[in-house]
Amino acid sequence: MSAALQLDGFSTGYAGHPVVHDLNLEVHPGEVVALFGANGAGKTTTILGIAGELPPHAGQISLFGQSTKARLHRRARGGLALVTEERSVFMRMTVRQNLLVGRCDAKRALELFPELDRLQDRRAGLLSGGEQQMLTLARALARRPKILLFDELSLGLAPLVVTRLINAVRAAADDDGVAVLVVEQHIQRMLRSADRVYVLQRGRIVISGTPDELAANAAAVEGAYLADAVVPATTTADDETCVASSQTGGRPQGPTEKGKT
Ligand code: ATP
């Protein structure tokens, strides 16, 4: 079966200046693939390029085996959903109204996130960050995408909400065959649910593999982060953005079965 999403030697960037280079990457239906990298490594740029928001500078993107140069709205019609760091909800509308906008199947959204049911009459702008992100993901998944691109799934959210969101993404892949490419900073948590991982360093993929392969290559992964990172004056031992931390000896914590948390 052809990949849902495939990049071959893909480069893109801003105003003719390339930021990500020669990317080779694929995501198959039913796979959850994580894109890791330090701040500024090029994760958002990669996601925007795949979505058709940035023009290709070189190489190609194929969706279900068909090379495409279409812009986002045409890719969206073909089943690609993009969720960016800015939560894609209408802040002045109620949850109920948000679930009626676009091609969103409100019933499906509430099946996926029953937590939203009691909030239906509340304005989205009054929801907590976690509730807003659940609404964002509910809206995206209720349109039944074939490919979901998610930039910063759980930025600034509490660990329990992070787990809830990652489990929902995993379920979309397992139950509906959605191909998921997700940028996520909670690396240890994401490694428990991802099928494969790519690590970007200065706009290039420097490591790829399964979570187990990454764990075995923890020093290289850490190196990719340190090479790009601006090292803060103090770091905390429980900073999960420090991949494959020394606390765990570089191994993912907890069970490795998909979706088990
Ligand atoms: P973060 O984790 O901090 O969000 P990232 O890995 O997503 O980082 P990008 O946002 O893709 O990284 O940025 C990669 C590089 O591209 C950075 O050097 C950044 O300054 C640059 N860049 C990002 N957006 C623009 C833009 N609109 N115009 C020009 N350069 C940009």
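User: In which sense do S7 and strand S8 (residues 179-183) pair, and over how many bridges?

Analyst: This is a predicted model, in which local features need pLDDT of at least 70, side-chain atom pairs count only at pLDDT 80 or more, and totals for chains, interfaces and linings use all residues. Residues are numbered from 1 along each chain as its sequence is written. Strands (E, at least two residues) and helices (H or I, at least four) are DSSP runs numbered from the N terminus, and two strands pair if DSSP finds at least two bridges between them. For S7 and S8 the sense is parallel, over four bridges.

User: Through which helix does the chain cross from S7 to S8, and what is the handedness of this crossover?

Analyst: A crossover is right-handed if, with the strands pointing away from the viewer, the path from the first strand over the helix to the second runs clockwise. The β-α-β crossover from S7 to S8 goes through helix H6 (residues 159-176) and is right-handed.

User: Which residue of S7 is the bridge partner of Leu80?

Analyst: Strand S6 (residues 80-83) also pairs with S7, in the parallel sense and over four bridges. The partner of Leu80 in S7 is Ile147.

User: Are Ile147, Leu148, Leu149 and Phe150 buried or exposed?

Analyst: A residue is buried if 20 or more other C-beta atoms lie within 10 Å of its own, exposed if 12 or fewer, and partly exposed in between, with C-beta atoms placed from the backbone. Ile147 and Leu149 point one way from S7, and Leu148 and Phe150 point the other way. All of these residues are buried.

User: Why does Asp212 count as exposed?

Analyst: Asp212 is found in helix H8 (residues 211-216). It counts as exposed because the number of other C-beta atoms within 10 Å is 12.

User: What is the phi of Arg144?

Analyst: Arg144 lies in the loop between helix H5 (129-141) and strand S7 (147-150). Arg144 is partly exposed because it has 15 C-beta neighbours inside 10 Å. Although Arg144 is not a glycine, its phi is positive, about 50°.

User: Which helix gives the largest share of the shell around the ligand?

Analyst: A residue is near a molecule if its C-beta atom, placed from the backbone, lies within 6 Å of it. The residues around the ligand include Tyr14, Val19, Lys43 and Thr44. The largest share, three residues, comes from helix H1 (residues 43-51).

User: What is the average pLDDT of the protein?

Analyst: The predictor's confidence in each residue is its pLDDT, from 0 to 100. At least 70 is scored by 86% of the residues, and the average is 84.
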